[in-house]
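Please walk me through the contacts and charged pairs of this model, in plain terms.

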Amino acid sequence: VQLQASGGGLVQAGDSLRLSCATSGGTFSTYHMGWFRQAPGKDREFVGVIRSGGYKEYVNSVKGRFTISRDNAKNTAYLQMNSLKPEDTAVYYCAATHSGKLYRTATYEYWGQGTQVTVSS
């Protein structure tokens, strides 16, 4: 399975961005799709996940601001980020798995290459 993340950029605090994660080579609808981020000098952290059945979970710091969705017909997952803050600055990664503890990076077998999101104050 190949994942391609895109949509990052440089924005100001309060702005919005939508990241996309296009997949190929697998049955997209069967995968749980996770989003992670890694800021400079920090570990990669869980942002949220959309399960194959559509159930969504988020880390507390993004609840109410970020929304994950998926379009199984397009084999693509999305991360809509609103009300961005400087502390959201990171490289954002999408990942895919069939099972496991979905907040853990080690659970995911497949990863995209990451897309940089920079939020200026």
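This is a predicted model: local features need pLDDT of at least 70, side-chain atom pairs count only at pLDDT 80 or more; totals for chains, interfaces and linings use all residues.

Residues are numbered from 1 along each chain as its sequence is written, and side-chain values use heavy atoms, with hydrogens and water left out.

Ala95 belongs to strand β9 (residues 90-97); strands are DSSP runs of E, at least two residues, numbered from the N terminus. With a relative accessible area of 0%, Ala95 is buried (under 20%; exposed is over 50% and partly exposed in between, with a 1.4 Å probe and protein chains only). Residues touching Ala95 include His32, Phe36 and Trp111, where contact means heavy atoms within 4.5 Å.

His32 sits in strand β4 (residues 32-38) and is buried at 11% relative accessibility. A polar atom of the His32 side chain lies 3.0 Å from the backbone nitrogen of Ser52.

The structure has 4 salt bridges, each a side-chain nitrogen of Lys or Arg within 4 Å of a carboxyl oxygen of Asp or Glu. Arg37, buried at 6%, pairs with Glu45 at 2.6 Å, N to O. Arg37 also forms a salt bridge with Asp88, with the closest N and O atoms 2.9 Å apart. Because Asp88 lies in the loop between β8 (76-81) and β9 and Arg37 in strand β4, this pair ties together parts 51 residues apart in sequence. Asp88 is buried, at 0%, whereas Glu45 is partly exposed at 34%.

Another salt bridge joins Glu57 and Arg51, the closest N and O atoms being 2.9 Å apart. Through shared partners, salt bridges link Arg37, Glu45, Arg65 and Asp88 into one network.

Notes. Helices (H or I, at least four residues) and strands (E, at least two) are DSSP runs, numbered from the N terminus. A polar contact is a pair of N or O atoms within 3.5 Å; within protein, one must be able to donate a hydrogen and the other to accept it, and residues adjacent in sequence count only if both atoms are side-chain atoms. Lists of a residue's contacts leave out its neighbours within four places in sequence.
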